[in-house]
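Subject: Structure for your attention

Dear colleague,

Please find the structure below. My notes on it follow.

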Amino acid sequence: MYESHFGLDEKPFSLLPDAGFLYLTKKHSLALTMLQYGLESQAPISVVTGNIGCGKTTLLRKLMDEVADDVTIGLITNTHSSFGELLQWVLLAFGLDYRDKSKVERYEILVDFIIEEYAKGKHTVLIVDEAQNMDMSTLEELRMLSNINVDKHQVLQLVLVGQPELRSMLRQPELRQFAQRISADYHIRPLDQSETVEYVKHRLTVAGGNEDIFHPDTFPLIQEHTSGVPRLINILCDTALVYAFGAQQDNVDAKIIREVVKDRGSAVYFDDADTYGYLQGKHDKPALRVVHQSKQQSAENPDATQIKQALNEIETLLKTHLDQQPDRGAETKK
């Protein structure tokens, strides 16, 4: 919509995880290094946590893009309350047949696969994204799978990525043995003011644009209304570009940011007791909450309904905004 107007090759603030846009702040560099160390040292279990929208999935994509040829990776992303039998999902992650098999047969299939990979000079890694959605019994079953060894070598490694609730779960006495097997872990914090500035400029340049599209006076406002959460920064900046395009401005200034926030409300992150939430702020309209949804979740899922309602609200607001721009041409209005 606005790409050509700002000289961009693509949208710089997409919500889809894209390792090509990854900006490695010190926090994200440490998290990635910790994941890489876990793989190279054959750590039984590695854990990375962070609040919604902090870039965990993008880090996973980066890790998977750079993994060595001697590593076989299986990825589970569809974790939720009705997750079902763990072994089915593990076999599916590695492209193995799980249908019409008993639990014992599924376990044998997995062990045979891991041993075959080991014989080829490879070790196997199972990555579980959104792991906080698993219950304690499933996490304990995962720990038992990590006991699969060949000649004292750790041939199956686990990488768990999730929200802060996962950290709380792993502190429970019932998961003491699981926690003791964690060799590498890191919690990603939000971006600070300087990191937010560099993050926005980085994504603009990766998208083929000028890093000065956002005026310097916008950054304190972006930080204030997103508290350095990358996904919220993307939402705010993307919408600001649409507003600036509608007003036929060459850049985004503080007035545009204030207008977006006034129309949509303020999404605020707070970090007390590892809690993530949104506050309405000083404005009339509620904050937009964007919830990660697996592709395999039903369109009737309440999260999906919330997203649809939020997107409809954005569309209405943008139309109203464009209709209030008297100086733009008919072609722009169209």
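How many bridges pair strand β3 (residues 123-128) with strand β6 (residues 156-162), and in which sense? The two strands pair over five bridges in the parallel sense. Strands count as paired if DSSP finds at least two bridges between them.

Please note that this is a predicted model, in which local features need pLDDT of at least 70 and side-chain atom pairs count only at pLDDT 80 or more, while totals for chains, interfaces and linings use all residues. Residues are numbered from 1 along each chain as its sequence is written, and side-chain values use heavy atoms, with hydrogens and water left out.

The protein has 13 helices and seven strands. These are DSSP runs numbered from the N terminus, with helices being H or I of at least four residues and strands E of at least two. Of the 334 residues, 50% are buried; buried means under 20% relative accessible area, exposed over 50%, and partly exposed in between (1.4 Å probe, protein chains only).

The strands β2-β3-β6-β1-β7, in that order, form an open sheet of five with parallel pairing. Because β2 (71-76) and β7 each have a single partner strand, they stand at the edges, and one side of each lacks a neighbour in the sheet. On average, neighbouring strands are turned by 15° against each other, direction ignored. Axes are lines fitted to C-alpha atoms, for helices over the stretch in contact, and angles run from 0 to 180 degrees between N-to-C directions.

Two helices may be described with the sheet. Helix α3 (residues 86-93) packs on it, touching β2 and β3, and its direction makes about 130° with that of β2. Helix α5 (residues 136-145) lies across β3 and β6 and runs at about 150° to β6.

At the other end of the strand order, β1 (residues 45-50) and β7 run parallel and are joined by six bridges. There, Val-48 stands opposite Tyr-186 of β7. Five of the seven residues of β7 (residues 182-188) are buried, so this strand is largely enclosed by the rest of the structure.

Tyr-186 is also among the residues touched by Lys-27, which is found in helix α1 (residues 26-40). Lys-27 counts as buried because its relative accessibility is 17%.

With kind regards

Notes: Contact means heavy atoms within 4.5 Å. Lists of a residue's contacts leave out its neighbours within four places in sequence.
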